[in-house]
Amino acid sequence: MRNIAEGIKIENLIPVVRARLALSLRREGLRVKDIATALNTTPAAVVQYLKGKRGRLVARPAQVDRTIDALAERVLQRVRSGVREGVRMAELMEAADQIIIASKGSRVLEETPRKREKQVVEVLRQRLELELKASERCLESAVKFDDQYSKLLLRMIAADSMRHADVVSQIISWTELPHEPTLNVPKKEFLDAILQIEDKAGEQSLRDTVKISHPVARLLLEWIDADEKKHERIINKMVHLIHQGST
C-alpha cells in the first residue's frame, strides 16, 4: 500500500479526513443532515463519504484513527452543545498534516540508515519513535477526559510531539543526502516584523495578568508565555545567521 507521505499534499488529504470524521460522527448516531452541518458540506457529500465513494483511506488506519478521533470528539461536543459552527478548515488541515507526519515518521523508522551516519541516525530514530508514541498516547488519552482544559493540554502536547517528530524525520532525511542542504532563511525584514509581533505579544504575561481559577487553564497560559519567549529567542538566532552570512 502506498505510503501517505509519498507525494500527498495536505489539501488532497482533506476529503480523507472528512470521510473519516463522517464515519465517526455516524457511529455516534448523528443524522446525515447534522453531519453535513458539522463538516460544512452537503448531505449528498456525506452520503458519498459514508459509502466510501469519496475520501477513501489511502494509509493504514492505525496512522489516522487517533488523530481523527480527537477531532471528531471536538466536533461532536460542539454539535451536542448546540454550537452551529462546523469544523474549521484549519482543523482539517492540522489533522491532515499530523497524519502525513505520522506516516512519514513510520516510513523513516522502517528504513535502514546508511553506515556512515548510523550512530547519529540511530539516536534520531529513537527520538522519532518516542515523539510519535507520545503523540499517540496523548491523543488516545485526550478523548477520555471530561475536563476540557485537560483535553486541550493533551492535544497540545500531542501536536508538539508531532512537530518534533516532523523535524527529527526531516533531519534524518537530510543525513542521507550526499551534501548539506543549502542554507536559505527568511529575509531579515520578515523576521524583524515577526519579532515586533512577538515582542508585543510577550509584553504582558498571560499567566500573571489573566486571573483564572482552573489550575490546568493556568498551565495552558503559562505554555503560551513560554512559547512566545522561545519564538523570540529562535528568531533572534535566525537574524544572527543572516548577519553571519552577510559578513
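Predicted model: local features only at pLDDT ≥ 70, side-chain atom pairs only at ≥ 80, totals over all residues.
In soluble globular proteins, nonpolar side chains tend to be buried together.

Between helix 2 and helix 3 the chain passes through a loop that holds Asn40. Asn40 is not a glycine, yet it has a positive phi of about 55°.

Turning to charged side chains, a search of the whole structure finds 15 salt bridges. One of them joins Arg66 to Glu136, with the closest N and O atoms 3.3 Å apart; this pair links distant parts of the chain, since Arg66 lies in helix 4 (residues 65-80) and Glu136 in helix 6 (residues 118-142), 70 residues apart. Arg66 also forms a salt bridge with Glu140, for which the closest N and O atoms are 3.6 Å apart, and here again distant parts of the chain are linked, with Glu140 in helix 6 and Arg66 in helix 4, 74 residues apart. Arg66 is partly exposed, at a relative accessible area of 27%, and its two partners fall in the partly exposed class as well, Glu136 at 36% relative accessibility and Glu140 at 29%.

A salt bridge is also formed between Lys151 and Glu73, the closest N and O atoms being 2.9 Å apart. Lys151 belongs to helix 7 and Glu73 to helix 4, so the pair ties together parts that are 78 residues apart in sequence. Lys151 has a relative accessibility of 2% and therefore counts as buried, the limit for that class being under 20%. Elsewhere, Arg74, Arg78, Arg88 and Glu91 are linked in a network of salt bridges.

Helix 7, which contains Lys151, has 28 residues and should span 40 Å at 1.5 Å a residue; the C-alpha atoms at its ends are 41 Å apart, in agreement with that expectation. At the start of helix 7, a side-chain oxygen of Asp147 comes to within 3.3 Å of the backbone nitrogen of Tyr149.

A nonpolar patch on the surface is formed by Val167, Ile171, Trp174 and Leu177, which together have about 350 Å² of accessible area. Of these residues, Leu177 is found in the loop between helix 7 (148-175) and helix 8 (188-201).

Conventions
Residues numbered from 1 in each chain as written. Heavy atoms only, no water. Patch = residues over 30% accessible without salt bridge, like charges linked within 9 Å, V, L, I, M, F, W, Y side chains within 5 Å. Areas by Shrake-Rupley, 256 points an atom, 1.4 Å probe, with all protein chains shown as cover. Salt bridge = Lys/Arg side-chain N within 4 Å of Asp/Glu carboxyl O. Helix = DSSP H or I, 4+ residues; strand = E, 2+ residues; numbered from the N terminus. Expected span 1.5 Å × (residues − 1). Polar contact = N/O pair within 3.5 Å; in protein donor to acceptor, adjacent residues only side chain to side chain. Buried < 20%, exposed > 50% of the residue type's maximum accessible area, 1.4 Å probe, protein only.
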